[in-house]
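Please look through the sequence and the structure shown here before reading the briefing that follows.

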Amino acid sequence: SFRPAFAQSQAARAVAGAVQIGANECWTGPFPVAAEAAAKVVAQGNRYDPGDLRGQFLKTVAQVEGIGEDRILPWPGSGDPLVRSVIAFCSPEKGLVTPDPTFESAWRAAAWLKAPLAKVAMQPGKGADVKAMLAANPNAGLYYIVSPNNPTGTVTPLADIEWLANNKPADSVLLVDEAYLHFSEAPSAMGLAKSRKDVIVMRTFSKLFGMAGIRLGLTFADPALHMQMMRYDGRQVTGTLPVTALACGTAAYTAFDAIKARRAEMIAVREDTLAHLKKRGIAYQTGSEGNMFMLDWGKPAKEMQGKMLAQMVQIGRSWEIWPTVSRVTVGSAEDMEKFKIALDKVLMA
Ligand code: PLP
């Protein structure tokens, strides 16, 4: 069902003054070199694209990923191409298949389209069950896998993703959402987007790159698939992007040392937090390779989320399939110290 609150931004829903570990954002902003690049173009923001920033961005991405520019499309974030893929490839006859739990935005698009939706339960600690996904609807319009997954952080092995690509019908599309890939050391499914006609790989700068409010994302696919995604608006959305985002993203994409350091920082803080939970005997799911983990309260998660917020710590939501489990985003070391203190208070009360 349509929720009016959907139109509200994450920022609008953030509680002022609370520790923000609810929205899977990065705990810090863009790399300094990227922030400087963005700031420099603000004064030329009267132009749609001063100095061909879009072209420079595409060239950089193509070089780093080793893929042709004709297979790359930039977007203002990845939420748009995600929903657009559902609209382009699903219909009342052609369904959507996803694991459960996963990022729900595709579910809402399918419901609006009246496309059949098959949700395939994930095992705690595991990636998507690709064989069960194909069995759930052997003739779907779109199969959607997030790896590492939101909210579980679990990776679907590349061999499983390849199995689904090779065993689904040729006219179905497989969308691999790699929003959290930079936080893990898992291999990308990019190879499939380089060669196949029926696989889309999607990325965003909203997570490790710390650009959620700046808005930049990417899809990698055969040009014919991209044409289907653009047929509603020509090239309007992808053709004109925030110049600040393009400059920021171009500088960030080759900041390889900074990417590595940020990943290492997140992993250290995540593991330290999980060690605290273990020491206290608090249940959580293992296997996260993302900047999030799932805490099992053993009682209604919504209630516990409210209790944490009363301690000024805003953790993430729960999914219907696991009503006692909350998603918690890994914040800064300081954020997670506050999280631990609030958790101890809430559980001792
Ligand atoms: N895909 C996944 C898996 C996400 O978790 C999110 C946001 O949390 C998005 C896509 C959309 O984010 P954005 O539009 O900021 O790229």
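**Two domains in a predicted model**

The protein chain is divided into domain 1 (4-29 + 256-348) and domain 2 (32-253), with bounds that come from an automatic or database domain assignment. This is a predicted model, in which local features need pLDDT of at least 70 and side-chain atom pairs count only at pLDDT 80 or more, while totals for chains, interfaces and linings use all residues. Residues are numbered from 1 along each chain as its sequence is written, and side-chain values use heavy atoms, with hydrogens and water left out.

**How the domains meet**

- The C-alpha centres of domain 1 and domain 2 are 24 Å apart, and 28 residues of domain 1 are in contact with 33 residues of domain 2, where contact means heavy atoms within 4.5 Å.
- The size of an interface is often given as the accessible area lost when the parts come together.
- Between them, domain 1 and domain 2 bury about 2,400 Å², with 61% of it on carbon and sulfur atoms; buried area is the accessible area (1.4 Å probe) that two parts lose on being put together, summed over both.
- Of the area that domain 1 buries against domain 2, 24% is supplied by Arg263, Glu289 and Trp319, more than by any other three residues.

**Charged and polar pairs between the domains**

- Side chains of opposite charge can pair when their charged atoms come close.
- The rule finds 2 salt bridges across the interface of domain 1 and domain 2, a salt bridge being a side-chain nitrogen of Lys or Arg within 4 Å of a carboxyl oxygen of Asp or Glu.
- Glu185 and Arg263 form a salt bridge in which the closest N and O atoms are 3.7 Å apart.
- Between domain 1 and domain 2 there are 11 residue pairs in polar contact, with both residues at pLDDT 80 or more; a polar contact is a pair of N or O atoms within 3.5 Å, and within protein one must be able to donate a hydrogen and the other to accept it, while residues adjacent in sequence count only if both atoms are side-chain atoms.
- On the side of domain 1 that touches domain 2, α12 (256-280) and β10 (292-296) each supply at least two residues, and the largest share, 6 residues, comes from α12; helices (H or I, at least four residues) and strands (E, at least two) are DSSP runs, numbered from the N terminus.

**Around the ligand**

- Among the 13 residues around the ligand, Ser78, Asp177, Tyr180, Thr204 and Ser206 come nearest, and a residue counts as near if one of its heavy atoms lies within 4 Å.
- An N or O atom in the side chain of Ser78 is 2.7 Å from an oxygen atom of the ligand, and a backbone N or O atom of Gly79 lies 2.9 Å from an oxygen atom of the ligand.
- Lys207 has a polar side-chain atom 2.8 Å from an oxygen atom of the ligand.

**A link across the sequence**

- The whole structure holds 16 salt bridges, including one in which the side chains of Arg203 and Glu65 meet (3.1 Å, N to O).
- Arg203 lies in strand β7 (residues 199-204) and Glu65 in helix α3 (residues 53-65), so this pair ties together parts that are 138 residues apart in sequence.

**Backbone features**

- Most residues other than glycine have a negative phi, and most peptide bonds are trans.
- The peptide bond from Asp100 to Pro101 is cis, with omega near 5 degrees, and Pro101 is in the loop between β3 (96-100) and α5 (105-113).
- Asn150 and Pro151 are joined by a cis peptide bond with omega about 20 degrees.
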